[in-house]
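Please open the model in your viewer and keep the sequence panel beside it, so that each selection can be followed in both.

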Amino acid sequence: MGSLECRKCKKTVSTKPLLYDHILEKCGGYACNIQDCQKVFYTVKNLKDHRRKIHGEMANDEAEDGSHCRKCKKIFSTKPLLYIHILEEYGGSQCKIPDCQKVFFTMKNLKDHWRKIHLRSHGEMANDTQVI
């Protein structure tokens, strides 16, 4: 097997895990902390670029449409990515109204949304569809 070289200090190692450990411990590298990713970067900029492109996250100063998680503060490039995150990480509840599909952390918040947005003034559902 060939050797791998650290681009910063030119040290050579035999495996990727050894190179990643070296970059983190000796050369001030940055690890992606997204579950099961395990990538390591020499600069914060490269780490942020990776997280934006691969994991759909954005830096705090880039959020324009409020697509951030209120629980963990992660910011996503689109609302659908945020909704997927909430469903996967927190078991959120999703509105079943066609063309809505919003996601909420609690059933109470979903029901409040349903009452405010999807109920007609006389108490019928706007789209004659089940919400839950």
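Predicted model: local features only at pLDDT ≥ 70, side-chain atom pairs only at ≥ 80, totals over all residues.

Begin by selecting residues 30-55 and then residues 93-123, the two spans at which an unreviewed UniProt entry places the feature "domain: C2H2-type". Stay with residues 30-55 for a moment: the C-alpha atoms at the two ends of this span lie 16 Å apart, and its content is 46% helix and 15% strand.

Next, select helix α4, which covers residues 107-118, and pick out H113 within this helix. Is H113 buried or exposed? With a relative accessible area of 10%, H113 is buried. Now display what surrounds this side chain: once the neighbours within four places in sequence are set aside, H113 is in contact with C95, C100, K102, F104 and H118.

For the last stop, move to C6 and C27 and show their sulfur atoms. C6 is buried, with a relative accessible area of 0%, and C27 also counts as buried, at 9% relative accessibility. How many disulfides does the structure hold? The structure holds zero disulfides, and this pair illustrates the point. The cysteine sulfur closest to that of C6 belongs to C27, at 3.6 Å; a disulfide requires the two sulfur atoms to be within 2.5 Å, so the separation of C6 and C27 is too far for a bond.

Definitions and conventions: Residues numbered from 1 in each chain as written. Heavy atoms only, no water. UniProt positions renumbered as here; feature names shortened; annotations may be inferred. Helix = DSSP H or I, 4+ residues; strand = E, 2+ residues; numbered from the N terminus. Buried < 20%, exposed > 50% of the residue type's maximum accessible area, 1.4 Å probe, protein only. Contact = heavy atoms within 4.5 Å.
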